[in-house]
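Q: Please take a close look at one residue in this model. Where does it sit, what surrounds it, and how far can the prediction be trusted there?

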Amino acid sequence: MNVTRFEHQFREVDDLLLSLKGLVLVRALLTERGASAAELREHSDEIERLRARLAALVREGGGAYSAAA
């Protein structure tokens, strides 16, 4: 794995984390404002999809993430 691929994966991890944080915050706001169960479910489904992608990306990176920590 070369540096460019590491950089791309780190960038993708950062993007996924940012998206996840935003979705979690928006879901909390929607909950406070009485959003429908369907709206909350949509956000929860997307959060789970991004979490799965993040986990897969970290697994694909192998030891790269533990070495960088």
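A: The residue is L54, and its place is in helix α2. Keep in mind that this is a predicted model.

Start with the setting. The chain has three helices and zero strands. Read along the sequence, the pattern is α-α-α. Helix α2 covers residues 37-60.

Next, is L54 buried or exposed? Its relative accessibility is 15%. Buried means under 20%, so L54 counts as buried. Buried residues make up 23% of the 69 residues in the chain. The accessible surface of the whole chain comes to about 4,900 Å². Of that surface, 57% belongs to carbon and sulfur atoms.

Now the neighbours. Set aside those within four places in sequence, and L54 is in contact with V13, L16, L17 and L20. Take L17 from that list. L17 and L54 are 37 residues apart along the chain, yet their C-alpha atoms are separated by 7.9 Å. Widen the view to contacts in the chain between residues at least 6 apart in sequence. Of these, 64% join residues at least 24 apart.

Last, the confidence. The chain averages a pLDDT of 87, and 84% of the residues score at least 70. Where pLDDT is low, the predicted coordinates should not be read in detail.

Terms used:
Residues are numbered from 1 along each chain as its sequence is written. This is a predicted model: local features need pLDDT of at least 70, side-chain atom pairs count only at pLDDT 80 or more; totals for chains, interfaces and linings use all residues. Side-chain values use heavy atoms; hydrogens and water are left out. pLDDT is the predictor's confidence in each residue, from 0 to 100. Helices (H or I, at least four residues) and strands (E, at least two) are DSSP runs, numbered from the N terminus. Buried means under 20% relative accessible area, exposed over 50%, partly exposed in between (1.4 Å probe, protein chains only). Contact means heavy atoms within 4.5 Å. Accessible areas come from the Shrake-Rupley method with a 1.4 Å probe; for residues, only the protein chains shown count as cover.
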